Amino acid sequence: MIGNDDAARRWSIGEVARASGTTVRALHHYDEIGLLRASERTASGHRRYTGDDVRRLYRVRALRALGLSLEEIADVLADSTDDLAAMRGLLAAQLRELEAHGARIRRLTERLHGLLEQIDGASMPDPDQFMTTLEMISMFETSFTAEQRERLARRRTALGPEAVEAARTEWARLVEELLRHVRDDTPADDPRVRDLVHRWDALAGRFHDDGEEGERTRDAARRMWRENSEEIGRSLPWPADRMRDLVLYLERSRQSG
């Protein structure tokens with residue numbers, strides 16, 4: 001794992017990808033554009049990342065999360081130094097963004113409380129269904145930026161309603177198959193499980209753009225699942241606790257590969 005203080009520690013591209021939530025393809029892209037290059041290579045030509053490389057990747061990811069393009073990040077890194085003051089400034093900027101995000105969530109929570117009071121005082125049918133819908137909307141809005149939501153919407157429109165419905169049917173079959181493996185305690189690295197997870201990710205990939213932007217929306221979608229699996233599970237035909245276990249199972253299987 002990344003976090004070892006040993007200055008001689010080196011990481012393969014796969015280790016860096018798994019630990020940082022970045023895909024190997026994205027790391028290759030960073031290398032190609034000169035944003036992040038592994039400082040060392042093995043005798044057989046495999047990349048090896050040093051502690052300095054890991055810190056640079058952290059800065060790239062942090063600046064990306066703050067909304068900068070790769071070109072803007074390259075300019076920022078070219079004009080700054082990798083010292084304590086620069087890192088403190090970046091951490092402080094991330095903290096401000098998280099605090100602002102937290103404030104948005106609090107405001108949304110207050111609005112939902114207000115809606116609940118209105119629903120409780122009226123004769124609307126199935127208020128739980130209304131609340132589940134509101135929760136899904138709030139999770140979507142707080143998990144994806146406005147630009148990402150627009151990209152996802154355009155992608156769905158391009159696929160068309162028939163393809164979207166076919167994907168839902170296929171996804172339901174994958175859920176059933178994977179839940180059986182969870183129930184049977186099949187090892188997460190079992191080839192059958194890894195094949196199902198690969199199909200799951202390929203299916204999800206149809207709804208995301210190619211390239212770096214697609215990677216970002218995929219990361220956001222997985223984060224939404226991890227952080228809100230119980231709430232999402234309430235709107236699905238499977239028990240919420242089983243869906244929560246399934247999400248953890250998927251992550252273990254991906255990490256095993």
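A residue is buried when its relative accessible area is under 20%, exposed when over 50%, and partly exposed in between (1.4 Å probe, protein chains only). The model worked on here is predicted, with local features needing pLDDT of at least 70, side-chain atom pairs counting only at pLDDT 80 or more, and totals for chains, interfaces and linings using all residues. Residues are numbered from 1 along each chain as its sequence is written, and side-chain values use heavy atoms, without hydrogens and water.

**Exercise 1.** Find His181 and decide: is it buried or exposed?

*Solution.* Start with the helix: His181 lies in H8 (residues 161-183), where helices are DSSP runs of H or I with at least four residues, and strands are E runs of at least two, numbered from the N terminus. Next, take its relative accessibility of 12%, so His181 counts as buried. Finally, look for its partners, with contact meaning heavy atoms within 4.5 Å. Beyond its neighbours within four places in sequence, His181 touches Thr186, Arg192, Val193, Leu196 and Tyr249.

**Exercise 2.** Describe how H3 packs against H4.

*Solution.* Begin with the geometry: H3 (residues 51-65) and H4 (residues 70-79) pack at about 130°, and their axes are 10 Å apart. That makes H3 oblique to H4, since angles under 35 degrees count as roughly parallel, over 145 as roughly antiparallel, 65 to 115 as roughly perpendicular and the rest as oblique. Then list the residues: Arg56, Arg59, Val60, Leu63 and Arg64 of H3 meet Leu70, Ile73, Val76 and Leu77 of H4.

Technical notes: Axes are lines fitted to C-alpha atoms, for helices over the stretch in contact, and angles run from 0 to 180 degrees between N-to-C directions.
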